Amino acid sequence: MQSRIRCGLLDRSIFRVSIIIDKGNELCYIVISSAAAALDLLRLEAKLANETWCMSASTATVRSSSIDLRLGCIHGKTFKKPRRPYEKERLDAELKLVGEYGLRCKRELWRVQYALSRIRNAARELLTLDEKNPRRIFEGEALLRRMNRYGLLGEGQNKLDYVLALTVENFLERRLQTLVFKSGMAKSIHHARVLIRQRHIRVGRQVVNIPSFMVRVDSAKHIDFSLTSPFGGGRPGRVKRKNQKAAAKKAAGGDGDEDDEE
Amino acid sequence: MTSIVQSPNLEILAREPEGFSIWKGPPFNNGQPAIKLERVSCTVARFSDNGSRLMVTKNNSVISVYDGYSSNEIRSFEIPSLLGAALSPCGTYLQTFQKSTNPQDKNVVLWEIHSGASVYQHFQKNMTKATWPSIQFSSDESVACRLATNEIQFFDSKDFSKGFIYRLRLPGVAAIELSKAPGSYIAAFLPESKGIPASIQIFSSNKDAQTQPIARRSFFRCSTVTMHWNKLSSGLLVVAQSDVDKTNQSYYGESKLNYLTTDGSHEGLVSLRKEGPVHDVQWSYSGLEFAVVYGFMPAKATIFDKKGNPSLELGQGPYNTVRFNPKGRVVCLAGFGNLPGDMAFWDYKEKKLLGTTKAECSVTSEWSPDGRYFMTATTAPRLQIDNGIKIFHHDGSLYFKKMFNKLHQADWKPETPESFSDIDELVTAVNTIKIGDNEKKAQGSKSTETSKIPASIAQKPAAYRPPHAKNADSVKAELFGGIAPATEISKNALRNKKRREKQKEKKAAESGSNASII
């Protein structure tokens with residue numbers, strides 16, 4: 001087999017590598033999963049000459065975008081600025097979403113719109129392929145599995161057409177900030193952002209500090225206050241401890257009555 | 001059920017404005033119930049939780065305690081300015097609340113019924129739904145506790161004269177719920193204050209194990225809480241309600257369902273698939289599963305297992321109540337209150353719909369202790385007309401109906417479900433029932449409203465047509481399907497048409513005559 005493979009250095013630690021060889025299209029997929037569970041895909045072209053290769057399935061999901069690996073770190077844009085800067089309806093709609101979901105700036109919204117548009121492009125491109133095309137089946141299944149896993153599509157919606165009907169609100173509803181608010185653990189959407197940023201919230205056992213964490217469906221019932229947080233049963237915070245100490249000192253140094261602080 | 005000697009008889013207590021009477025329960029001999037106890041005038045009548053004692057308040061200052069089986073009066077208490085009274089679960093003690101003006105006057109008194117003496121008294125300023133009865137007992141009366149300011153006091157239920165034997169300090173505690181059977185846990189609710197979220201904590205009732213809570217759950221946005229223990233005291237369901245909905249979806253506020261287990265396997269929200277308030281939540285009598293009716297109307301109903309995973313979806317519909325059958329297997333979904341009263345009976349082991357029926361304007365609904373009958377009652381302070389009792393079989397067919405001028409209360413006499421045999425005919429009948437096959441039942445029943453369509457098929461509402469659109473051609477085409485009726489022409493149009501035809505004839509005649517001339 002003659003093959004030309006381009007390599008590059010990845011600055012994330014690798015812990016699992018799977019190789020999928022697609023004989024029909026003469027493609028070789030190498031799936032590298034890193035410890036941070038971000039999956040990269042290298043789509044390489046391998047010249048296969050008259051040999052039978054077996055197809056081994058991968059256990060990891062596959063993102064359909066191809067990344068051109070250069071020497072050095074992977075770095076790309078995550079948002080796209082709108083074409084017209086001062087369009088009244090767009091400004092109103094964006095402001096409404098920013099207020100409703102407690103976003104920090106328009107860029108957070110544009111980031112979600114960019115992610116949605118890439119997913120829609122992928123789905124649209126897959127829909128132009130033939131129904132029995134192995135690439136369409138493989139990548140379509142992977143895309144739908146990811147959408148189901150993150151709760152963007154419901155259980156019955158397992159066709160690529162439903163991916164085209166996704167909206168920005170579907171994505172914004174799955175952020176950790178909105179889920180903390182909707183589950184009753186915060187007084188308002190802004191309070192939710194503050195709680196997350198101040199490390200009071202955990203998902204499973206992991207304290208999550210990021211308000212835009214996309215929560216998976218099976219992690220959604222494990223959102224709780226973290227064990228070291230004063231809301232979740234840990235010791236009181238710095239200010240309260242300081243006040244308690246000052247009050248105890250004052251009471252002891254006063255006329256000897258004990259003030260019973262909680 | 002007179003075939004088996006040991007199983008007790010069912011009895012129904014019906015209270016009207018003049019007094020209450022006890023009927024011998026179903027099956028009725030000739031369509032009418034036999035009266036067990038004639039009318040006794042009273043204002044309040046209630047059984048104890050195990051049915052052994054009946055407490056009757058007469059004339060606002062005399063309480064009589066009757067024996068539940070023989071209906072003889074055991075003891076009578078004279079208590080001035082009485083505001084409320086409650087029996088303990090086994091019927092041993094009676095708590096009374098009197099109106100009091102100064103803190104020196106101990107106005108909550110605990111009487112022992114057997115001897116008639118008062119064993120404990122304390123002062124309580126006012127009586128609210130959350131704080132009455134003051135002293136809570138477990139079902140076997142082994143644990144007794146009371147909510148005092150910032151602490152929970154535990155008593156020795158055999159000997160109240162010692163006062164409280166130990167206490168649990170919880171600053172800010174607002175509501176407690178002792179687990180009923182067995183009484184080994186107590187759940188406490190501490191409302192939100194200053195920045196600290198509201199929390200539900202479960203402690204053990206044992207004095208030694210009370211340093212740390214066994215389970216806790218904190219949340220914001222909650223003003224009141226209702227707690228439901230299950231029969232084995234292994235799980236607690238908490239409905240947290242708030243008066244203001246911060247998500248701006250409902251005017252009536254929001255409610256969330258939390259589930260805590262005493263072994264720590266689940267401590268969190270129950271994931272409900274539809275947005276909206278939690279209308280009703282009930283544990284089954286075995287304590288292993290619970291049913292929730294939730295969501296904006298039409299509400300969804302789901303049965304969850306004790307791990308909090310959904311085990312059966314009962315569909316959507318106009319329901320806001322769920323009642324489990326004491327013998328297991330059957331659950332009744334109903335829409336009472338402001339809903340039209342649809343009832344659906346499901347067998348949740350076989351996952352089959354047994355029957356649907358309607359019981360309009362019902363206020364209360366309860367299964368009989370043996371699980372064979374389901375009684376709904378329309379009672380007076382809520383609804384002033386159409387007061388009555390309806391009794392249904394376990395599959396929804398109407399068995400008995402009686403109307404009253406005014407009815408205040410209709411209850412079964414409580415019995416333990418184990419003292420009755422299993423419903424054999426239910427087990428065999430489920431396999432032969434088809435959905436919608438109501439002919440056999442309709443012959444024997446007096447009901448004319450047994451619906452033949454399962455509740456899941458909702459009728460499509462007819463489209464609203466404004467008055468001026470009734471005559472539009474498109475509407476007519478839709479209604480008559482292309483076969484247009486003879487269009488009625490208005491008088492003017494008819495006249496113009498005639499004129500035009502005449503002119504045409506004249507022209508034709510002229511041209512004809514012209515042609516003939518030329």
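**View 1. The open sheet β32-β33-β34-β35 of chain B, a four-stranded arrangement with antiparallel pairing in this predicted model.** Strands here, like helices, are DSSP runs numbered from the N terminus (E, at least two residues, for strands; H or I, at least four residues, for helices), and two strands pair if DSSP finds at least two bridges between them. The edges are formed by β32 (364-367) and β35 (398-403) of chain B, each of which pairs on one side only. Neighbouring strands of this sheet are turned against each other by 15° on average, direction ignored, where axes are lines fitted to C-alpha atoms and angles run from 0 to 180 degrees between N-to-C directions. Within the sheet, β32(B) pairs with β33 (residues 373-378) of chain B in the antiparallel sense over four bridges, and B:Glu366 stands opposite B:Met375 in β33(B).

Residues are numbered from 1 along each chain as its sequence is written, while chains are lettered from A and ligands numbered from 1 in the order in which they are written. Because this is a predicted model, local features need pLDDT of at least 70 and side-chain atom pairs count only at pLDDT 80 or more, whereas totals for chains, interfaces and linings use all residues; side-chain values use heavy atoms, with hydrogens and water left out.

**View 2. The open sheet β3-β2-β1-β36 of chain B, with four strands and antiparallel pairing.** The edge strands are β3 (35-40) and β36 (409-412) of chain B, each pairing on one side only, and the twist from one strand to the next averages 10°. Strand β1 (residues 11-16) of chain B runs antiparallel to β36(B) and is joined to it by four bridges, with B:Ala14 standing opposite B:Ala410 in β36(B).

**View 3. Chain B as a whole, with four helices and 36 strands.** The accessible surface of chain B comes to about 26,800 Å², of which 52% belongs to carbon and sulfur atoms.

View 4. Where pLDDT is low, the predicted coordinates should not be read in detail. The mean pLDDT of chain B is 82, and 86% of its residues reach 70 or more.

**View 5. Helix α7 (residues 189-197) of chain A and its packing partners.** The buried residues of this helix are A:Ile189, A:His191, A:Ala192, A:Arg193, A:Leu195 and A:Ile196, and they pack against α1 (88-101), α2 (106-128), α6 (176-182), β5 (201-203) and β7 (223-225) of chain A. After α7(A) comes A:Arg199, whose phi is positive, near 65°.

**View 6. The segment of chain A, residues 174-245, that an unreviewed UniProt entry annotates as "domain: RNA-binding S4".** Over residues 174-245 the chain is 33% helix and 11% strand, with the end C-alpha atoms 42 Å apart.

Conventions:
Accessible areas come from the Shrake-Rupley method with a 1.4 Å probe; for residues, only the protein chains shown count as cover. UniProt positions are given in the numbering used here, feature names are shortened, and annotations may be inferred rather than shown by experiment. pLDDT is the predictor's confidence in each residue, from 0 to 100. Buried means under 20% relative accessible area, exposed over 50%, partly exposed in between (1.4 Å probe, protein chains only). Contact means heavy atoms within 4.5 Å.
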